[in-house]
Amino acid sequence: MRKIRKVLVANRGEIALRVIRTCKEKQIKTVAVYSRPDHISPHVQAADESVFIGEAASSESYLVIDKIINAAKSTGADAIHPGYGFLSENAGFAERCKKEGIIFIGPNPHAIEVMGDKTKARELMAKAGVPYPPGTESAMKDISKAKIVAEEIGYPVLIKAAAGGGGKGMRIVEDPADFEKSVKAAKSEANNAFGDDRVYIEKYLEEPRHIEFQIMADQHGNVIHLFDRECSIQRRHQKVIEEAPASVLTPELREKMGKAAVEAAKSCDYVGAGTIEFLIDKHLNFYFLEMNTRLQVEHPVTELITGLDLVDLQIKVANGEKLPFKQEDISINGHAIECRVYAEDPEDNFLPSTGRLDRHRIPSGPGVRVDSGVEEGSDISINYDPMVSKLCTHAKDRKQAIQKMLRALDEYEVSGVKTTIPFCKFTLQHENFVTGSYDTHFVKDHYSPKSLYDEEQLEVLAVVSSLLKIKQTSPAKTLVEENESTANWWANRR
Ligand code: MV4
């Protein structure tokens, strides 16, 4: 008999909708929660029931544990799906669910906690025999001792916050003379961000690629991986384009890293969907970076190449069912790419572009999947993540998946806000992306707003901008005096 009959989705937007869709297919009832500006949003309309949980600020709604628990109790939900972000990696929340007799669709609180502490995670990897970047295993207690370690592993080194992750509170040190100063700065930054000033050091890998493995584990000790994704196209630690499988891995390396990923998950008795992040260097050495103990934004590319529904699997294992297949039963079918369409201005440093989504016509057709939590007329505000949609394509091979993505991006109609679509088009046509020779520095190395225009457009822009400058700096009168032909033009005009 099934245990889960009603799921409360403790999230909003596309991921809430994504979870609700699978629940519907499984004939599981759904409860949405919503903040004031979200009262008529798509995830609320899609759910069977909904509960108002507070004002726009996440700290007054989606992040308030008591409000989520009360909503689950008052609606009789027997499980909570946390999605990503918000409370999804909050060990205290998972613990509270347990205490209240509500199934948390995710790992045990202990796994969330140890993987949230990057030094504990490194200790576990040491025991499990999973490679990680050289450095200190535990948080540094003594700066002079840490400096000796830094000398041993060689500069540049990276100072990271134990409570960090996702790039927060990191500092690169190139010069030993800066070591002490950087440690102090990193500690104060970590303390401000996490209320935990513990830091540790790692050898800084200079041109790494970000490759991650999807893990799925049941409550009976079965752990498998669902292959890899490459997520090196990112800016300021925000991923923009992801693909599966990673184009640099050979079948041998994939098998080796997959086994390491499974060991990493076993090291914390993992249950549910998780991701092991690795960095890979020029020589294809791989290093454990961190484990994300949630369903990730980019999970659709894994679903496309494996034909599996990860939310379905999450619910199955949360119910205590065994994984319905073994490692050898699954294989990679084709290639998938995800472009995250953000309401950000690629011409203006990717600044969030807020406003009403006046037009939103999404592409479709064979091999195209769009996950979106907004609709035409929706307001894109600064309260939440500015992601408009995740556009995915799936084809026989990487080249065709790229072509399909370019077609889909051309089909996409959006107005009212600026989006990252032009940036995605640029990247997908860039030689380094097409040939697969890129790393985590791609955006910084190859992108500037000028990349969005062809030569002819750039010429026109140059002329227009010089004219604008003249107009801005000199009143018309000066122009008349300075330039005879302009003077004539002014004369004729009058
Ligand atoms: C690193 C690294 C180089 N060497 N660790 C960034 C996010 C956080 N998860 C860890 N990160 C990095 N850790 C060592 N030892 C470079 C990064 C990094 C990065 C990693 C993945 C994807 C994009 C990145 C962008 C800048 C830095």
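A residue counts as near a molecule or strand if one of its heavy atoms lies within 4 Å of it.

## Model and conventions

This is a predicted model, in which local features need pLDDT of at least 70 and side-chain atom pairs count only at pLDDT 80 or more, while totals for chains, interfaces and linings use all residues. Residues are numbered from 1 along each chain as its sequence is written, and side-chain values use heavy atoms, with hydrogens and water left out.

## Domains

The protein chain is assigned domain 1 (6–105), domain 2 (134–203), domain 3 (209–449) and domain 4 (454–493); such bounds come from an automatic or database domain assignment. Between the C-alpha centres of domain 1 and domain 2 the distance is 37 Å.

Domain 2 (134–203) and domain 3 (209–449) both contribute residues to the shell around the ligand, so the ligand lies between them.

## Ligand shell

The ligand has 18 residues around it, of which Lys 160, Glu 202, Lys 203, Leu 205 and Glu 290 come nearest. The shell divides into seven nonpolar, six polar and five charged residues (Ala, Val, Leu, Ile, Met, Phe, Trp, Tyr, Cys and Pro count as nonpolar, Asp, Glu, Lys and Arg as charged, and the others, Gly among them, as polar).

Nitrogen atoms of the ligand lie 2.9 Å from a polar side-chain atom of Lys 160 and 2.8 Å from one of Glu 202. At Leu 205 a polar backbone atom is 2.9 Å from a ligand nitrogen atom. Taken alone the ligand exposes 530 Å², and the protein buries 91% of that (Shrake-Rupley method, 1.4 Å probe).

How values were computed: Polar contact = N/O pair within 3.5 Å; in protein donor to acceptor, adjacent residues only side chain to side chain.
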